[in-house]
Amino acid sequence: MPASDKSAAPDPIIQLIVFRLGQEEYAIRIEQVKEVTLTPDIARMPKTPSFVKGIANLRGDIIAVIDLEERFQLREATEELAAHTYTMAIEAKDYTIGIVVREVPQPLSVPQSAIEQTPEFIQEANIHDKYIEGIARIGDRIIVVLDMLKLLTPAEIMQLSTPAAS
């Protein structure tokens, strides 16, 4: 029977895009990222949450640009975004959004087994926020893996979709 153990499926490799928010490292699956670019000019939109920086023209598409550091409350209120930031365009079924990051995001390949489930107490604390897919441990690094398609609530998606539709 030991021969069947050797025929077990190999550990699949997951491709991630790693970026910093505050002092921590976060990642999303590469298939959720459409592109990474220098942040274009952003036009503020009225009556949107403070973490929504506004809308931008990204290669002819008007997208909402959001600041995850502000959304996750990882930046001091007095601290401003740097003059030059990068935007990751995230494509969902019904919308495309831009995520502002301070540094160029880096690709990283990790075995599926390196991504652990989110600890139960964190899942319970964020009962409405199921956007944490897991925690990747790579040596001394701890990287929070996000599911960007679950990041916004349906109400927030409707709020962001309305300006583009009109």
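Predicted model: local features only at pLDDT ≥ 70, side-chain atom pairs only at ≥ 80, totals over all residues.
A residue counts as buried when its relative accessible area is under 20%. Tyr26 has a relative accessibility of 10%, so Tyr26 falls in the buried class.

## Sheets

The strands of a sheet pair through backbone hydrogen bonds, in either a parallel or an antiparallel sense.

With 18% relative accessibility, Thr37 is classed as buried because the cut-off is 20%. Leaving aside residues up to four places away in sequence, Thr37 is in contact with Leu58, Arg59, Thr85, Tyr86 and Thr87.

Another open sheet has six strands, ordered E8-E1-E2-E11-E10-E9, and its pairing is mixed. Strand E8 (106-111) and strand E9 (115-116) form the edges; each has a single partner strand, so one side of each lacks a neighbour in the sheet. Strand E1 (residues 13-21) and E8 run antiparallel and are joined by six bridges. Val18 has Gln106 in E8 as its bridge partner.

## Aromatic pairs

How many aromatic pairs does the ring-centre rule give? The count is three. One of them is the stacked pair of Phe19 and Tyr26, with 6.5 Å from centre to centre and 25 degrees between the planes. Both Phe19 and Tyr26 are buried. Tyr26 also pairs with Phe72; this pair is tilted, at 6.1 Å centre to centre and 35 degrees between the planes. Tyr26 belongs to strand E2 (residues 24-29), while Phe72 sits in the loop between helix H2 (68-71) and E6, so the pair ties together parts 46 residues apart in sequence. Phe72 has 15% relative accessibility and therefore counts as buried. Phe19, Tyr26, Phe72 and Tyr131 make up one aromatic cluster.

A ring is also involved in a contact with a charged side chain. Arg71 lies over the face of Phe51, 4.8 Å from the ring centre.

## Salt bridges

Side chains of opposite charge can pair when their charged atoms come close. Across the whole structure, 10 salt bridges are found.

| Salt bridge | N to O distance |
|---|---|
| Arg29 and Glu133 | 2.6 Å |
| Glu91 and Lys34 | 3.7 Å |
| Glu69 and Arg102 | 2.9 Å |

The salt bridge of Arg29 with Glu133 links distant parts of the chain: Arg29 is in strand E2 and Glu133 in strand E10 (residues 132-138), 104 residues apart. Which class does each partner fall into, buried or partly exposed? Arg29 is buried at a relative accessible area of 19%, whereas Glu133, at 28% relative accessibility, is partly exposed.

The bridge between Glu91 and Lys34 connects strand E6, where Glu91 lies, to strand E3, which holds Lys34, so parts 57 residues apart in sequence are tied together. Glu91 is partly exposed at 42% relative accessibility, and Lys34 is partly exposed at 40%.

In the salt bridge of Glu69 with Arg102, Glu69 comes from helix H2 and Arg102 from the loop between strand E7 (96-101) and E8; the two are 33 residues apart. Glu69 is buried, with a relative accessible area of 2%, while Arg102 counts as partly exposed at 27% relative accessibility. Salt bridges with shared partners also join Arg29, Glu31 and Glu133 into one network.

Notes
Residues numbered from 1 in each chain as written. Heavy atoms only, no water. Pairing = 2+ DSSP bridges. Helix = DSSP H or I, 4+ residues; strand = E, 2+ residues; numbered from the N terminus. Buried < 20%, exposed > 50% of the residue type's maximum accessible area, 1.4 Å probe, protein only. Contact = heavy atoms within 4.5 Å. Phe/Tyr/Trp six-rings, centres within 6.5 Å; stacked < 30°, edge-to-face > 60°. Lys NZ or Arg CZ within 6 Å of the ring centre and 35° of its normal. Salt bridge = Lys/Arg side-chain N within 4 Å of Asp/Glu carboxyl O.
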